[in-house]
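The stops below are given in the order in which to select them.

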Amino acid sequence: MSRVGKLPIEIPKGVKVNLNNSVVEVEGPKGKLTQEIKGDISLNIEDSQVVVECNSQTKQNRSYHGLYRKLLQNMVTGVSNGFSKTLLINGVGYRAELKGKVLALNLGYSNMIEFVINDDVSVNLEGNNKVIISGIDKQKVGQAAAEIRSLRPPEPYKGKGIVYENENLRRKIGKSGVK
């Protein structure tokens, strides 16, 4: 039995969890999310808890057990609190500005890069060098952050580029002055 899958999911006040056939709907103060459940997995919705149960012990269903429990936990957290990722832009002249639904990034290339923001996530700026991506779907927030970071990944010598706020970079030493 999955160690992750057997843990119950606490439902906070203001969040509703509904099961229609094999589709789970989670609705809360920040929005609504849906997820289709595959395999022989069942949900027991009680007063303030949801328990995910695996009905057959095939390898595929055991892997679905922990997966759907964690997806459901992320949905409940997303509609109640939301998710956010913070990116820092390091480098001389590197900056970001928000133009409606477009994030314009100057990252040292000859042209500015325009990143179109999806409707499922929101982007805020703190100054010119701090980008905060937030939303209710953890996967979409992480995907948007990864796509923005991939425009100029950090380089190991000077640390220039786009990094996550709590990311540890492994810095390398440059050339030594050997004669």
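**Before starting**

This is a predicted model, in which local features need pLDDT of at least 70 and side-chain atom pairs count only at pLDDT 80 or more, while totals for chains, interfaces and linings use all residues. Residues are numbered from 1 along each chain as its sequence is written, and side-chain values use heavy atoms, with hydrogens and water left out.

**Stop 1**

Select residues 41-45, strand E5, and residues 49-54, strand E6. Strands (E, at least two residues) and helices (H or I, at least four) are DSSP runs numbered from the N terminus. Two strands pair if DSSP finds at least two bridges between them. E5 and E6 run antiparallel and are joined by five bridges. They form a hairpin with three residues between them.

The three strands make an open sheet in the order E1-E6-E5, with antiparallel pairing.

**Stop 2: the hairpin of E8 and E9**

Select residues 95-99 (strand E8) and 102-106 (strand E9), which pair in the antiparallel sense over five bridges. Arginine 95 has asparagine 106 in E9 as its bridge partner. At the turn, two residues lie between the strands, and glycine 100 takes a positive phi near 70°.

**Stop 3: asparagine 21**

Most residues other than glycine have a negative phi. Asparagine 21 is found in the loop between strand E2 (16-20) and strand E3 (23-28). Its relative accessible area is 79%, which makes asparagine 21 exposed. Exposed means over 50% relative accessible area, buried under 20%, and partly exposed in between (1.4 Å probe, protein chains only).

**Stop 4: salt bridges**

How many salt bridges does the structure hold? There are five, a salt bridge being a side-chain nitrogen of Lys or Arg within 4 Å of a carboxyl oxygen of Asp or Glu.

Start with glutamate 25 and lysine 32, whose side chains meet in a salt bridge at 4.0 Å, N to O. Glutamate 25 is partly exposed at 22%, and lysine 32 is partly exposed at 47%.

Next select Glu126, Lys130 and Glu165, which are linked in a network of salt bridges. The closest N and O atoms of glutamate 126 and lysine 130 are 3.6 Å apart. For glutamate 165 and lysine 130 the N to O distance is 3.4 Å. Glutamate 165 lies in the segment after strand E13 (161-164) and lysine 130 in strand E12 (residues 130-135), so this pair ties together parts that are 35 residues apart in sequence. In relative accessible area, glutamate 126 is partly exposed at 45%, lysine 130 is partly exposed at 23%, and glutamate 165 is partly exposed at 45%.

**Stop 5: the aromatic pair**

The whole structure has one aromatic pair. Show tyrosine 64 and tyrosine 68: the pair is tilted, at 5.4 Å centre to centre and 40° between the planes. Rings of Phe, Tyr and Trp (its six-membered ring) pair if their centres lie within 6.5 Å; planes under 30 degrees apart count as stacked, over 60 as edge-to-face and the rest as tilted. The two tyrosines are four residues apart in helix H1, so about one helical turn separates them. Tyrosine 64 is buried, with a relative accessible area of 19%, and tyrosine 68 is buried at 6%.

**Stop 6: the largest pocket**

Select Leu33, Thr34, Gln35, Leu71, Asn74, Met75, Phe83, Ile136, Asp137, Lys138 and Gln139, which line the largest pocket. On a 1 Å grid over the protein atoms alone, a pocket is an open set of points where a 1.4 Å probe fits, with protein on both sides within 12 Å along at least five of seven lines; lining residues have an atom within 4 Å of a point. The space in this pocket is about 180 Å³, a volume being the space filled by probe spheres set on the points, which are joined across faces, edges and corners.

Colour the model by element to see that strand E4 (31-36), helix H1 (59-80) and helix H2 (138-149) each supply at least two residues of the lining. The lining divides into five nonpolar, four polar and two charged residues. Here Ala, Val, Leu, Ile, Met, Phe, Trp, Tyr, Cys and Pro count as nonpolar, Asp, Glu, Lys and Arg as charged, and the others, Gly among them, as polar.
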